[in-house]
Amino acid sequence: MNDSSEKQSGLSVLDRPNSYIGKTVPRPNLGRLMQGRGQYVSDMVLPRMAHVVFLRSPYAHARILKIDATEAKAMPGVIAVVTGAELAKVITPWVGVLSHLKGLKSAPQHAIATDRACWQGEAVAAIVATGRALAEDAAELVSVDYEELVPVTDMRTALDPETPVIHPELGDNLAFERNLDAGAVDQAFKDSDEVVEAKFVFGRHTGVTLEPRAVLADWNSGEERLTVYLGTQAPHMVQNIAAMHLGLDEAQVRVVCKDVGGSFGIKVHIYADEMATLALSKLLRRPVKFVADRVESFNTDIHARDHVCKARIGVSKNGTINAFEIDDVTGIGPYSMYPRTSAIEANQVINLVGGPYTTQNYRARTRVVFQNKNVTCQYRGVGHPIACSITEGLVDLAAQRIGMDPIEIRRRNLIRDDAYPCGSPSGLKFEALSHHASLDKLIAMMNYDALRAEQAELRKRGIYRGIGIASFIEVTNPSAAFYGVGGARISSQDGVAVRLDATGRVICQTSITEQGQGSESLTAQIVGSVLGVSMGRVRVILGDTDNTPYGGGTWASRGAGIGGEAALQAAKVLRKNILDVAAAILQAKPHDLDIIDNAVVDVQGGQQRIELHELARVVYFRPDTLPPGFQPELMATRHFVPREYPFAFTNGIQASWLEVDTQAGFIKLLKHWVVEDCGTIINPQLVDEQIRGGVVQGLGAALYEHCIYDERGQLTNANMADYLVPMSGEMPDIDVGHIVSPTLDGELGAKGAGEAGTAAAAAAVTNAVNDALSPFNVTVTEIPLTPRVILTALGRI
Amino acid sequence: MKASAFSYTRASSVTDALDLLALHGDQAKVLSGGQSLMPALNLRLSAPALLVDIGAISELRGISESNGVLKIGALTRHVDILRSPDIAKHAPLLTEAIAYVAHPAIRNKGTIGGSLAHADPASELPACTIGLDAIIVVRGRNGERRIQAADFFTGIYETVLSPEELLVAVEMPVAKSNSAHFFHEYARRKGDYAIVGLAASGILEGDVFADLRLGFFAVGDRPLLAAASKHLTGKPVTASMLADAQAALDAELDPQEDQQASAGMRRYLARQLMARCVATLLGRPELDARPRA
Ligand SMILES: Cc1cc2nc3c(=O)[nH]c(=O)nc-3n(C[C@H](O)[C@H](O)[C@H](O)COP(=O)(O)OP(=O)(O)OC[C@H]3O[C@@H](n4cnc5c(N)ncnc54)[C@H](O)[C@@H]3O)c2cc1C
């Protein structure tokens, strides 16, 4: 990987000899994790640690009349049984709204339900014992008298006058509504040769993390401080909120986030049971641990994507798309989730529909309604898969109607690669996208024409294969526009501190977090490259509000673009400071010196002048030998947030090749391609694996994943046997290609890549299924595409 | 979730196990591979006071053939079946079917005795025993019972085994030179329990089925030996014979509705499987033509 043939003069800070940028290097944390030495909260043990188990409502909607814990409290090992009302004395309730989502309303939510349970799985009491099994034994003995209330389960009738209102004080079940009307939509439809309509249905699902949610709260009454070990994506956000609701100063709360077994957006929220665990630790003055079991995960980890959307597209015979219109409804559970709210997803759907295309005529409505099901919130790709499936589904239906190839209609309507900067009818600003370059690359990668020929040949033999294409845009690197402007104390900036230690090694503290995507690696790569230090000498510290700069964390595809830029800027300053010291020691001029391979060298000739450990020795132990008045600064801190654009949009395109068994209704995925443009690629393998992992989650949504509720609001498949996650046996090979359009909002040029895979995978699959079934004149616009859905569409059952 | 507290004991012999079961009655549960029992305990769907681990009883292990009978001990693990040359030779249906059971980690622990005693109606092995006309050998303190597989399964997770008996072995006639077998299941993912499946064996005389045993699974509360096969034996199968057999099959099925499939879908898929089986065994693809647009 070393390439020292180029000299650094005239190159950017990243494009240096021995740069790690753009190279696949092993992750620094690999050895630790592979040897089973990770530190997951689930595994942590503290002295005097107690375990909490939550007794959860078996009903979707019920009044809590009486809780009798007498027997449970007498059980061996039981420390306390705490009801919602008792806990409310220690922790205040919250309301999940943001001011920039105008009109969004929600009701106060308690850490433990006080008088009413609003979904099956909401906690109604906490049982704290010396062991989890003992707490479960005791939980069986807590008796609760419920009065069952009528549950609101169907989002399509949630706003009907006959439907009960879940929170009477709110007046109705409408949490949020947004309308948008841009351009001249009516005229555009009137001018269209064809208008195609469809109803898109999306199955509610969740992001299944390998390690369930886990928290260990340790209230130290001697210090009056709460330490929270939590698998979270946003430590500072949790610090702020925990302090606020427990009546503490922020400085009294420390959040430590060590290894996290997967997050996908699931672990970026404030969960009632986690808040209850914090409060219990304070109440009982001892460490309390909560680890969700799998059944609890399905019932309480946020769900997402529960949408029904009527949509239409107007198109001219020549292929010009004239307008999009959507009318979307989504059910979010009984509360808007805290603090990011449950309206963001629907808001994103409105923002993103039609996004890759030139038409400026767009009308949209979304209604976000309450129901007595588990809460929904942001999960990987927030809103993107919905918007993409609607947009790309409509584009394919339009192409089919006018008899045009799906590639051709996209060529004619995708925003031109030389049209930037430009904007969307929903007000999005695009700095530089590459839809056409991506499309061209995709066609070459998949050998489109040959695949079409193969498809036609097989069709003659009764084998029905389909090709599905889906272009997408992705929101990454969000500025304060996402949450900050709405009043949430969720930082959009990140900070990185780098220092050269006394042995010439580098310690780097960053406010972004690591949940497996490689934050640690990319930070070390950037710092090592900018400093001229080998990665093995860079140690990265993350996930500790006491020991890292203040920042947002890792979510919304922001870690590399924002945290990476902060790392770059901090390393630049440290580099300059090191060269200043070197110049002082060597009696040279700083600009005649460089750092390569852990040593200061002459720019001219590359001669090694002083190793960094020697420089550090002088600075830390023999400062007396430095020129008088010269103070070395071998630690530098920089913060970053994008300022030019509210979001760094990325783009890309995906394709699916699959076969539909028209006899049994099963779909076999044969191949998947992605071309994406995340700007500067720091580590190709990390990007490719993010894309592939994202695609797999999108394929899960397309074919398998579904939280199935019955009409009484009971989640009927809350286990790993009945909730089907995508598994390797069914996954196709996923080829990933790249186009690189760096963002100029920062020196690094990196945009996000974490959610692109999820954005368009289901859309590509659905389009491919409809392509395969086109000889049968069948269109399916519902996911997951189960055998039952296919057989029903084909009229076989 | 954690299981509620239970006692554990390891039986040293079949007699020892039977004594323990007799002593504790339905308070005790036999622990074999644990792949169905442990999840049930952890979910607190089952809370026995005592687990009697039979894993150390060597007389329950082993695969042997004598006098045209293949005998498989109750403790034979799925992975042993998968790899056994004796089974590949004498009961190739099992070799084929076992690959559909769960995943390697589970096949390394799960046992044939456990699978049959557990009697999940969507399970592969019970249907195979029916398709292969196997005999299930059970032992109690009063001696041994030999039960036809088709009579062994009585409902969802229900068999004729009493809580005080142990399933000790399965026996089946070895495959003949003109035996043929077919296995297929529809499952959402590899390793999942089937939506509908068929484990079949037959005797072919020329192009005629002299005998055909169709063991359907996931079509009702227990595996089903389809009587409809009588429409397919004794003379060369025609499309109309197959249609009659499919109609007869439809009439004898009583499938459940669940998240994967409606009863109607199960009936439909079972009919497809029957056609596929017949077409495959007879080498006549036209009997199972795919739908064309
Ligand atoms: C993720 C997963 C996927 C699976 N998928 C499938 C699948 O696709 N198809 C399938 O068929 N199975 C599947 N299984 C179940 C697996 O095949 C089990 O191995 C089998 O069902 C039970 O065998 P066991 O040896 O583990 O029995 P155990 O779990 O130990 O026992 C099961 C039951 O049988 C009783 N029992 C066990 N042995 C005896 C005996 N000798 N005499 C009397 N009673 C006895 C026990 O008391 C208990 O009630 C799956 C399991 C898992 C965990």
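Tutor: A disulfide is a pair of cysteine sulfur atoms within 2.5 Å. Please keep in mind that this is a predicted model.

Student: How many disulfides are there over all chains?

Tutor: By that rule, the count over all chains is 0.

Student: Which of the words buried or partly exposed applies to Cys377(A)?

Tutor: Cys377(A) counts as buried, with 3% relative accessibility. Cys422(A), at 24%, counts as partly exposed.

Student: Let us turn to the backbone. Which residues does a cis peptide bond join, with omega about -10 degrees?

Tutor: They are Tyr338(A) and Pro339(A). Pro339(A) sits in the loop that runs between strand S16 (321-331) and helix H9 (344-352) of chain A. Another cis peptide bond joins Tyr420(A) and Pro421(A), with omega about 0 degrees. Pro421(A) is in the loop between helix H11 (406-413) and strand S18 (422-423) of chain A.

Student: What is phi of Asn477(A)?

Tutor: Phi is near 45 degrees there, a positive value in a residue other than glycine. Asn477(A) belongs to the loop between strand S20 (464-476) and strand S21 (494-500) of chain A, and it is buried, with a relative accessible area of 4%. Asp597(A) also has a positive phi, near 50 degrees, but Asp597(A) counts as partly exposed at 46% relative accessibility.

Student: Now the overall layout. What domains is chain A divided into?

Tutor: Chain A has domain 1 (14-40 + 493-640), domain 2 (44-149 + 210-263 + 266-300) and domain 3 (303-480 + 644-793).

Student: How many residues does the contact take from domain 1 and from domain 3 of chain A?

Tutor: Domain 1 of chain A gives 27 residues and domain 3 of chain A gives 24. About 1,800 Å² is buried between these two domains, with carbon and sulfur atoms giving 56% of that area.

Student: Which residue forms a salt bridge with Glu747(A)?

Tutor: Lys572(A) does, and the closest N and O atoms are 2.7 Å apart. The rule finds 1 salt bridge across the interface of domain 1 and domain 3 of chain A.

Student: Which helix gives the most to the side of domain 1 that touches domain 3 of chain A?

Tutor: H15(A) does, with 8 residues.

Definitions and conventions: Residues are numbered from 1 along each chain as its sequence is written. Chains are lettered from A and ligands numbered from 1 in the order in which they are written. This is a predicted model: local features need pLDDT of at least 70, side-chain atom pairs count only at pLDDT 80 or more; totals for chains, interfaces and linings use all residues. Side-chain values use heavy atoms; hydrogens and water are left out. Buried means under 20% relative accessible area, exposed over 50%, partly exposed in between (1.4 Å probe, protein chains only). Helices (H or I, at least four residues) and strands (E, at least two) are DSSP runs, numbered from the N terminus. Domain bounds come from an automatic or database domain assignment. Contact means heavy atoms within 4.5 Å. Buried area is the accessible area (1.4 Å probe) that two parts lose on being put together, summed over both. A salt bridge is a side-chain nitrogen of Lys or Arg within 4 Å of a carboxyl oxygen of Asp or Glu.
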